[in-house]
Amino acid sequence: MSFAVAADACDRFMGRYSAQLAPLLADLAGVRAGQRAVDVGCGPGAMTGELVERLGPEAVAAVDPSESFVLAARERHPGVDVRRAAAEELPFPDRAFDAALAQLVVHFMANPVRGLREMARVARRGGVVGACVWDHAGERAPLTAFWRAVRQLDPEAQDESALAGAREGHLAELFGAAGLRLIEDSALAVQVEYASFEDWWEPFTLGVGPAGAYAGALDDLKRGELQERCRLLLPDAPFTLHAHAWAARGIA
Ligand SMILES: C[S@@+](CC[C@H](N)C(=O)[O-])C[C@H]1O[C@@H](n2cnc3c(N)ncnc32)[C@H](O)[C@@H]1O
């Protein structure tokens, strides 16, 4: 499982993006004081932290199937009910929350419609389900240069563009299939600055997610080739990467 990695590795890989996306997704879902919310696929807890700031720890729950992430999220956010579970089988009663959010998770669910249906089940009637997934298909993800370089060297390689929600309109389609109503489709934009090429490359060597798994399976020579191909595709350092995630909200 490519998320059975230390929380620190996840932080270095996606942390800077996740921290920026969290308030945008929480705003999209209209999360505000007095509500209860669950962070589905919480990882080490970027969105959990945003929910705690808005609602207080007692009003927040979080789940993730990765044991190391669950331990990290518990340690970072005392008082939050963090459990080890997948979206497809949420360990909560019906209508327990005002909002159920999944940030950069739907594309990793084994069954995205079932996961979203579960999120709708645990949201109260009239509650909000919100999610976002990188625009991999539109090549506007933080990983776009990586997968472009991979395809140049290995045209048969499987990138992330065909994953659930990673193309325009697909997340909203999945929300519809999960029975959500009044679905709104939008996009969230973030940007991250890199001081050097190595600053950008190093997180890919930590084994996180499909990209980390791909890089980790290469021998040293091939990984070196991929690294140099990425260097050619990126601007000279320092540089800023602009990334877009498709986002959707729907009413349970
Ligand atoms: C890219 S990380 C995003 C983590 C966090 N939401 C954030 O924004 O930083 C993807 C997360 O989805 C989790 N995940 C994978 N499959 C899942 C599933 N079926 N249900 C819930 N979470 C899942 C992984 O363990 C990982 O923590």
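Student: Where is E139 found?
Tutor: E139 belongs to the loop between β5 (123-134) and α5 (144-153); helices (H or I, at least four residues) and strands (E, at least two) are DSSP runs, numbered from the N terminus. The model is predicted, and local features need pLDDT of at least 70, side-chain atom pairs count only at pLDDT 80 or more, while totals for chains, interfaces and linings use all residues. Residues are numbered from 1 along each chain as its sequence is written, and side-chain values use heavy atoms, with hydrogens and water left out.

Student: What is the phi of E139?
Tutor: E139 has a positive phi, about 55°, although it is not a glycine.

Student: And which residues does the cis peptide bond join?
Tutor: It joins A237 and P238, with omega at about -5°. P238 lies in the loop between α9 (220-233) and β7 (239-251).

Student: On to the ligand: which residues come nearest?
Tutor: Of the 17 residues around the ligand (a heavy atom within 4 Å), S18, G41, D64, A87 and Q103 come nearest.

Student: What lies 2.8 Å from an oxygen atom of the ligand?
Tutor: A polar side-chain atom of S18 does. A nitrogen atom of the ligand is also 2.9 Å from an N or O atom in the side chain of E88, and a ligand nitrogen lies 2.8 Å from a polar backbone atom of Q103.

Student: New topic: how many aromatic pairs are there?
Tutor: The whole structure has 16 aromatic pairs, meaning rings of Phe, Tyr and Trp (its six-membered ring) with centres within 6.5 Å. One of them, F197 with W200, is tilted, at 5.8 Å centre to centre and 35° between the planes; planes under 30 degrees apart count as stacked, over 60 as edge-to-face and the rest as tilted.

Student: Why are F197 and W200 separated by about one helical turn?
Tutor: Because they are three residues apart in helix α7 (residues 197-201).

Note on methods: Polar contact = N/O pair within 3.5 Å; in protein donor to acceptor, adjacent residues only side chain to side chain.
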